[in-house]
Amino acid sequence: MIPDANYYHNLPKKRMAAGVLFVDDKNNIFLLKPTYKDYWDIPGGVTSENESPRETATRELKKELGLEVKKLKLLCIDYVSAFGPKDESLQFIFFGGKLNEETLSKIKLSEEHSEYKFVSIKEAKILTSNQKIRNFLPRRLEQSLRISKTTATIYLENSETVD
C-alpha cells in the first residue's frame with residue numbers, strides 16, 4: 001500500500017542550503033561580503049522547492065558571481081539542529097576548485113554582495129563569525145577545507161565530526 005498525499009504532507013520538512021568553497025593557489029578561501037548581513041560568507045544560498053543542493057549551488061554561483069561552474073565535488077553535509085527562531089537544516093558545501101586570474105576577471109557581483117577576497121582559514125573563521133546568532137559556518141569551513149585535499153566527504157552535526 002502506498003501512503004496517501006496527506007501522509008507525506010504531514011511529514012517534517014527540513015530547510016537546506018548549499019555553499020561553494022573556492023580556494024586560490026595558496027589554499028586561501030574565497031569569501032563574499034553580503035550587503036544584507038554583517039559577516040562574510042561563501043557563495044551559495046537556500047534551496048528552492050524541488051531543487052537539489054547541487055542545483056542550488058550552481059544557481060547561486062550564476063546569480064551571485066555570474067559564473068557557470070559545472071564541476072562541483074560534495075565536501076560536507078552538516079546537520080544543524082533547531083535553535084531559537086531557526087528551524088533545523090541540512091547545510092551542504094561543495095568544492096568549486098581553485099579560482100585563477102582568468103576566472104576572477106569574469107566575476108560580476110550581484111547587488112547582494114559588495115566585495116570579495118581570499119583569506120586564510122584563520123581570518124575566514126573570524127570574518128564568517130556572527131555573535132548575534134549561533135553560526136557554525138567557521139567550523140564547517142575549516143572541516144571542508146581540510147577534507148577538500150582528499151577524495152572523501154565529511155558528515156557533521158552542528159559542525160562537529162560524529163564518531
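I took helices (H or I, at least four residues) and strands (E, at least two) as DSSP runs, numbered from the N terminus. The model is predicted, and local features need pLDDT of at least 70, side-chain atom pairs pLDDT 80 or more, while totals for chains, interfaces and linings use all residues. Residues are numbered from 1 along each chain as its sequence is written, and side-chain values use heavy atoms, without hydrogens and water.

**Entry 1, pocket.** I counted as a pocket an open set of points on a 1 Å grid over the protein atoms alone, where a 1.4 Å probe fits, with protein on both sides within 12 Å along at least five of seven lines; lining residues have an atom within 4 Å of a point. I took volume as the space filled by probe spheres set on the points, which are joined across faces, edges and corners. The largest pocket comes to about 640 Å³. Its lining has 33 residues, and Ala17, Lys37, Asp41, Gln91 and Arg140 are the closest to its centre. I found at least two lining residues from each of β1 (15–23), β3 (44–46), α2 (53–65), β5 (89–98) and α5 (137–147).

I looked for ring pairs of Phe, Tyr and Trp (its six-membered ring), with centres within 6.5 Å; planes over 60 degrees apart are edge-to-face, under 30 stacked, the rest tilted. The count is three aromatic pairs. Phenylalanine 22 and phenylalanine 30 pair edge-to-face, 6.1 Å centre to centre with 85° between the planes. Both phenylalanine 22 and phenylalanine 30 are buried (under 20% relative accessible area; exposed is over 50%, partly exposed in between; 1.4 Å probe, protein chains only). I noted one aromatic cluster of Phe22, Phe30, Tyr116 and Phe118.
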